[in-house]
Amino acid sequence: MNQSSPLLNEILHIVQAGLLRPQHLWQLVVIAGALAGAWFTTRWVQRWVKARVQAQAQQPAGRVDLLRFSVDGFRRLAFPVSAMVLLIVGGLALGAAGLASRTGDVQLLRLALTLLAAMAVIRLFVYVLRRSFPRSNWIGSFERVIALVIWLVVALHITGLLSDLVDALEAVAIPIGRQRLTLWDLLVGTVSVVLTLLAALWVGSVVEARLMAAKGLTANSRVVLSRVLKAVLALVAVLVALSLVGIDLTVLSVFGGALGVGLGLGLQRIASNYVSGFIILLDRSLTIGDMITVDKFYGAVSQINTRYTVIKALDGTETIVPNEMLVSSPVINHSYTDRKVRVVVKVSVAYASDVDRALEVLVEAAQTQPRVLADPAPAAFITGLGADGVDLEVGFWIPDPEEGTLAVRSAIARLLLQRFKDEGIEIPFPQRDVRISGLPAELAAGKGSRPGLPA
């Protein structure tokens, strides 16, 4: 076993000598009081932070983000910092009362101060790390766990127990192929992989921000390059981390073979969706905002992810479509080369109406709408001669199909009703002539009546 730290030796000496000495008991009282006071202080700080952020919610976004960063960081430091202040005050009070006249009389307070200072630094570090990776939601979810694990390691190092723990982990070896790995090797390898992955994610985020701001690349190209870069960086980070630890990479060949068999059998559809996602992004057949129809789904493409694409319908519902369907099935892209969409409003007029004037009214009604384009200009046509009237339609183009067509069609229909009324143009309703055959000649001529029928 390695030699323990001097601080830990003094603490053990205090424990062996007994905790019944007054200065030792008073130190424990001060520590317990400081922790309890820090807990109440933290609760008050949390309420103050929440009220402060809500009060500043009306400020510009930049100021709110800066304020949130500041108060969230202060909230995380509230417990350790307030506990340290209370410990210092308690230590001064013990010294003034003559209960801690020597340095050895405050060893418990020194250990508590050291651990609390480490907690403050680690909490601040993890919070800054989380803010540095805003798109890595998992860091925010496990922020407390990450901070606790790092603090436990630091606490073991401060107390001198880390070396003993390392010796115990190195004593347990696991044979993997021709290599024997200890628990310590596996733990160091895991930590190394995590750290290198964090570094790779940070580099990937920086490069992704630069790519997204590049104006010379299309949106699909930027997405593809950023995802490929992240995947490559993650793979290189894992391989480098395992090599630095001393793990033979040939051991991974077994897992690589198993992964290949899994992809060939159970994961075939999933792998196909991932490959199809990259194909869609590379060939630029679909882009964000395109209005498409696939199978029975119609709407705007709101997201193109690696495995699936999200289609947002005009009523707000979102459909998650596997990328394989977009590659293997026919897709109607209403805005592939041109975002303009032609919309039609149909109406019928009576045969006795002025059809030429009705066509002019149709065009004029369409031209009054702000969403209707002047080029190509609206045009009206006769589409058929129906049983009840003349069938007409007016066609016009709009530049924003993602906003829907119902509103503009309704506005034109309402205007047509009013204009037709003013112009004396009749909209027909179904009319039928009924003929009765087989009546007697006198009834047909109106000269007589049959029994039971009125004359």
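Student: What should I know about where the model and the values come from?
Tutor: This is a predicted model, in which local features need pLDDT of at least 70 and side-chain atom pairs count only at pLDDT 80 or more, while totals for chains, interfaces and linings use all residues. Residues are numbered from 1 along each chain as its sequence is written, and side-chain values use heavy atoms, with hydrogens and water left out.

Student: How many helices and strands are there in the protein?
Tutor: The protein has 15 helices and 10 strands, where helices (H or I, at least four residues) and strands (E, at least two) are DSSP runs numbered from the N terminus.

Student: And what share of the residues counts as buried?
Tutor: Of the 455 residues, 33% count as buried, with buried meaning under 20% relative accessible area, exposed over 50% and partly exposed in between (1.4 Å probe, protein chains only). The protein exposes about 28,000 Å², of which carbon and sulfur atoms supply 63%; the areas come from the Shrake-Rupley method with a 1.4 Å probe, and for residues only the protein chains shown count as cover.

Student: OK, salt bridges: how many does the count come to?
Tutor: The count comes to 9 salt bridges, each being a side-chain nitrogen of Lys or Arg within 4 Å of a carboxyl oxygen of Asp or Glu.

Student: Which residue does Arg 339 pair with?
Tutor: Arg 339 forms a salt bridge with Asp 290, and their closest N and O atoms are 3.8 Å apart. Arg 339 lies in the loop between strand 7 (331-333) and strand 8 (341-349), and Asp 290 in the loop between helix 11 (268-283) and strand 3 (291-294), so the pair ties together parts that are 49 residues apart in sequence.

Student: Is Asp 290 buried or exposed?
Tutor: Asp 290 counts as buried because its relative accessibility is 5%, whereas Arg 339, at 31%, counts as partly exposed.

Student: What about Arg 357, which partner does that one have?
Tutor: Arg 357 forms a salt bridge with Glu 423, the closest N and O atoms being 3.1 Å apart. This pair links distant parts of the chain, with Arg 357 in helix 13 (residues 355-367) and Glu 423 in helix 14 (residues 406-423), 66 residues apart.

Student: And which partner does Arg 371 have?
Tutor: Arg 371 forms a salt bridge with Asp 400, with 3.2 Å between the closest N and O atoms. Separately, salt bridges that share partners join Arg 357, Glu 360, Glu 364, Arg 419 and Glu 423 into one network.

Student: Switching topic, in which sense do strand 9 and strand 10 pair?
Tutor: Strand 9 and strand 10 pair in the antiparallel sense over 6 bridges, pairing being called if DSSP finds at least two bridges between two strands. The two strands form a hairpin with 4 residues between them, and the bridge partner of Leu 385 in strand 10 is Val 390.

Student: Where is Thr 319, and what does it touch?
Tutor: Thr 319 is in strand 6 (residues 318-322), and it counts as buried because its relative accessibility is 18%. Not counting residues up to four places away in sequence, Thr 319 touches Phe 297, Thr 309, Val 310 and Ile 311, a contact meaning heavy atoms within 4.5 Å.
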